[in-house]
Amino acid sequence: MASSDALMARFLALHPRTIDLSLGRIERLLARLNHPERRLPPVIHVAGTNGKGSTIAFMRSILEAGGLAAHVYTSPHLVRFHERMRIGGIGGGHFVDEDRLADAFARCESANAGEPITMFEITTAAAFLLFSESPADVLLLEVGLGGRLDATNVIDRPACAVVTPIGRDHAEYLGDTVESVATEKAGIFKRGCPAVIAAQDYAEADAVLCRRAEAVGAGPVLVGNQDFSVHEERGRLVYQDETDLFDLPRPRLAGRHQLVNAGTAITALRAAGFGDIGTAALERGLTEVEWPGRLQRLGRGRLAAQLDPGTELWLDGGHNIDGGRILAAAMADLGEKSDVPLVLVVGLLGTKDADGFLRNFVGLARALVAVPITGTMAARPAEEVARIGEEVGLSTYAAPSIEAALALVRDIAFERPPRILICGSLYLAGMVLAANDTPPV
């Protein structure tokens, strides 16, 4: 049997010349596969610009702490494609193994019979095939792009549809306004199915999401800061909805934005029929959650070992303007607890607003070291990122690699060991985890 990598290389030849977001191609393939999407466990469908993966990570951690099995579908991967498909199991799931992935890919290739289809569509069909053949209590399903015409939106009746905070991203497909992006994300709402809308950063997004949920007849519709809320009190997370109040540990994931994601996750589970999960599972889920590449402290590994004693190394895949704002706020919070120099190591794609992303760190970061991202033609040259950083007011350098960037930071004479944040792209986050010998598990 061909390997999964070899099969994906063949899939690329089937890719339409122009990506037109459509459900027609995947619906055709799923019909030929005897509709695996109709044989799935209850689905919690998650769209949004920021926080989708973290919200899913919280839900998985809570479910598993409660003794339930959760399939998980997320994208993109960081190091290996297999990370996108986690097969659920009691006591914790596992990434799909190579033999099962290659077999599912081969069956999808045969059923597709050479017709045009995108890589995401055919691999999503393979994921549905795999999930339909393994028992689990729930499938946590992340939208790939947008929502309305995303390949995952073939699920007719989700147990719950969730939209996390909306921002501007992928303007070429979703439009260049918050309202247009929100309209596309709201396409996952379904008549008679619960809808959870996280507290939004933009009032326009909130208005569009609520209006669209009402228009399609979703219900109940639960809106952050109206029907449920979270806040921090004495270092703990306080969650409240119309029926309950929970005093819980602060989430393991760093950053104040994770309070919102945790609250959204709890609400979605309750709305989807998992409201009998006890407080003990909520507590354990919040404190044991893992989500690599999102404000992840790298305290061990090959790269971490290269740093001087006392130097902190953090990693985050945030890459759009709002992600940068959230990340800068998290760094500012860390700075209040431990005031040390902040140094950015940044790689960015040419499709992202580099100026808007980097402006969030002006006055916060002492220096920026730009690095290249390997493995993608869309990456900006490090010298270009450095130039943009200088134009927005940051003190900048360029380095040919992550290792060289960390060596450069070591040579800068700071008054205290610095806090290094590697950020700007999930591609870069994957590179770093691989180089550090700490891939997701």
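Student: Is Ala281 buried or exposed?

Tutor: Ala281 is buried, with a relative accessible area of 7%, where buried means under 20% relative accessible area, exposed over 50%, and partly exposed in between, all with a 1.4 Å probe and protein chains only. Please keep in mind that this is a predicted model, in which local features need pLDDT of at least 70 and side-chain atom pairs count only at pLDDT 80 or more, while totals for chains, interfaces and linings use all residues. Residues are numbered from 1 along each chain as its sequence is written, and side-chain values use heavy atoms, with hydrogens and water left out.

Student: Where is Ala281 found, and which residues is it in contact with?

Tutor: Ala281 is found in helix 10, residues 279-288; helices here are DSSP runs of H or I with at least four residues, strands are runs of E with at least two, and both are numbered from the N terminus. Leaving aside neighbours within four places in sequence, Ala281 is in contact with Ile62, Ala65 and Gly66, contact meaning heavy atoms within 4.5 Å.

Student: And Ser132, what does that one touch?

Tutor: Ser132, which lies in helix 5, touches Pro36, Arg39 and Leu40 when residues up to four places away in sequence are not counted. Ser132 is buried too, with a relative accessible area of 16%, and a polar atom of its side chain lies 2.8 Å from the backbone oxygen of Leu129.

Student: Changing topic, how is the chain divided into domains?

Tutor: The protein chain is divided into domain 1 (2-286) and domain 2 (294-434), with bounds that come from an automatic or database domain assignment. The C-alpha centres of the two domains lie 28 Å apart, and the contact takes 16 residues from domain 1 and 18 residues from domain 2.

Student: What area is buried between domain 1 and domain 2?

Tutor: About 1,500 Å² is buried between domain 1 and domain 2, and carbon and sulfur atoms give 53% of that; buried area is the accessible area (1.4 Å probe) that two parts lose on being put together, summed over both. In domain 1, Asn50, Leu78 and Arg256 lose the most area to domain 2, together 35% of what that side buries.

Student: How many salt bridges does the rule find across that interface?

Tutor: The rule finds two salt bridges across the interface of domain 1 and domain 2, a salt bridge being a side-chain nitrogen of Lys or Arg within 4 Å of a carboxyl oxygen of Asp or Glu. Elsewhere in my notes, the side chains of Asp201 and Arg325 meet in a salt bridge at 3.1 Å, N to O.

Student: What about the phi of Ala113?

Tutor: Ala113 has a positive phi of about 55° although it is not a glycine; it is found in the loop between helix 4 (98-112) and helix 5 (119-132), and at 55% relative accessibility it counts as exposed.

Notes: A polar contact is a pair of N or O atoms within 3.5 Å; within protein, one must be able to donate a hydrogen and the other to accept it, and residues adjacent in sequence count only if both atoms are side-chain atoms.
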